[in-house]
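Thank you all for coming.

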Amino acid sequence: SPGSGDITRTQRLVACLAAPVLVAAMACCVVELVMRSDLLAPWLFHALGIDQACPDAGRIHRQVWEHYFAGAPITAPFSDKELAHFRDIQGMLVLSRWTLIALIILLMAAWRAAPGLAGRWLAGGAQLTAATVLALAGLATQWDLFSRAWHPVCFARGGWDFTPGRDLILVLYPGPFLAAHGAAILAVLAALALTAWVLGRRLE
């Protein structure tokens with residue numbers, strides 16, 4: 001009947017839109033998980049020699065992370081430009097959390113609108129996530145170029161360009177430190193994509 005056809009088209013549209021929403025939700029979740037757990041920093045400080053270049057690196061890093069997740073003040077000798085950059089990152093993390101909440105609400109609405117197609121959009125979201133991970137991993141092999149490409153998108157002009165050997169932020173967080181966290185985020189995202197794909201195939 002016409003009514004059932006309209007419902008079917010609506011459900012198919014929901015299934016198509018739910019996949020990218022699922023990808024964005026997983027990305028927000030993984031960024032929060034990797035950043036908040038902060039499991040890599042102690043190992044990276046030692047492996048990259050950061051704790052030798054800056055013996056107080058661990059304490060300063062804890063201040064930065066407490067600023068990100070609890071709004072605590074940073075008393076370490078960062079410049080105003082560096083402190084502004086940390087505030088920008090904190091703002092991005094807050095935005096990511098609110099975005100995650102909104103995306104979860106959208107996914108719940110999609111589930112209610114098209115429960116029979118949940119497997120399809122789970123599998124579709126997993127495939128889209130895998131493609132995104134592969135694309136980002138390929139770009140990140142040229143880390144310097146990748147970093148200079150995405151920083152201007154996320155931060156105000158000039159607010160992210162620091163000088164090696166002069167700015168403390170680059171002593172604590174050099175390129176390899178950031179690259180390792182990026183790799184961890186992609187690895188966890190790939191694992192979630194595989195889980196979503198297996199669950200989606202079972203529900204189809």
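Before anything else, a definition: rings of Phe, Tyr and Trp (its six-membered ring) pair if their centres lie within 6.5 Å, and planes under 30 degrees apart count as stacked, over 60 as edge-to-face and the rest as tilted. Please keep in mind that this is a predicted model, in which local features need pLDDT of at least 70 and side-chain atom pairs count only at pLDDT 80 or more, while totals for chains, interfaces and linings use all residues. Residues are numbered from 1 along each chain as its sequence is written, and side-chain values use heavy atoms, with hydrogens and water left out.

With that definition in hand, F45, W65, Y68, F78, F86, Y173 and F177 form one aromatic cluster, and the structure holds six aromatic pairs. In one of these, the ring centres of Y68 and F86 are 6.2 Å apart and the planes stand at 65°, so this pair is edge-to-face. Because Y68 belongs to helix α4 (residues 57-70) and F86 to helix α5 (residues 80-113), the pair ties together parts that are 18 residues apart in sequence; helices here are DSSP runs of H or I with at least four residues, strands are runs of E with at least two, and both are numbered from the N terminus. Y68 counts as buried at 5% relative accessibility, and F86 is buried at 1%, where buried means under 20% relative accessible area, exposed over 50%, and partly exposed in between, using a 1.4 Å probe and protein chains only. F86 also meets F78, with centres 4.9 Å apart and planes at 80°, so that pair too is edge-to-face.

Let me step back to the whole chain. The secondary structure comes to nine helices and zero strands, and of the 204 residues in the protein, 37% are buried.

Which residues of α7 are buried? They are W143, F146, S147 and H151, and because they cover an arc of only 120° around the axis, they lie on the same side of α7, the arc being that of the directions from the helix axis to the C-beta atoms. The face turned away from that buried side carries the exposed residues L145, R148 and V153. Helix α7 (residues 143-154) has 12 residues and reaches 16 Å from its first C-alpha to its last, close to the 16 Å expected, the expected span being 1.5 Å times one less than the number of residues. Helix α6 (residues 118-140), with 23 residues, reaches 32 Å, close to the 33 Å expected, and its buried residues include W121, L122 and V133.

Finally, two aspartates in loops. D38, in the loop between α1 (2-37) and α2 (41-47), has a positive phi of about 50° although it is not a glycine, and D38 is buried, with a relative accessible area of 17%. For context, most residues other than glycine have a negative phi. D167 sits in the loop between α7 and α8 (168-172) and is buried at 9% relative accessible area. Leaving aside neighbours within four places in sequence, D167 is in contact with E82 and F162, contact meaning heavy atoms within 4.5 Å. The ring of F162 also has the charged end of K81 over it, 5.2 Å from its centre, a charge sitting over a ring if NZ of Lys or CZ of Arg is within 6 Å of the ring centre and within 35 degrees of the ring normal.
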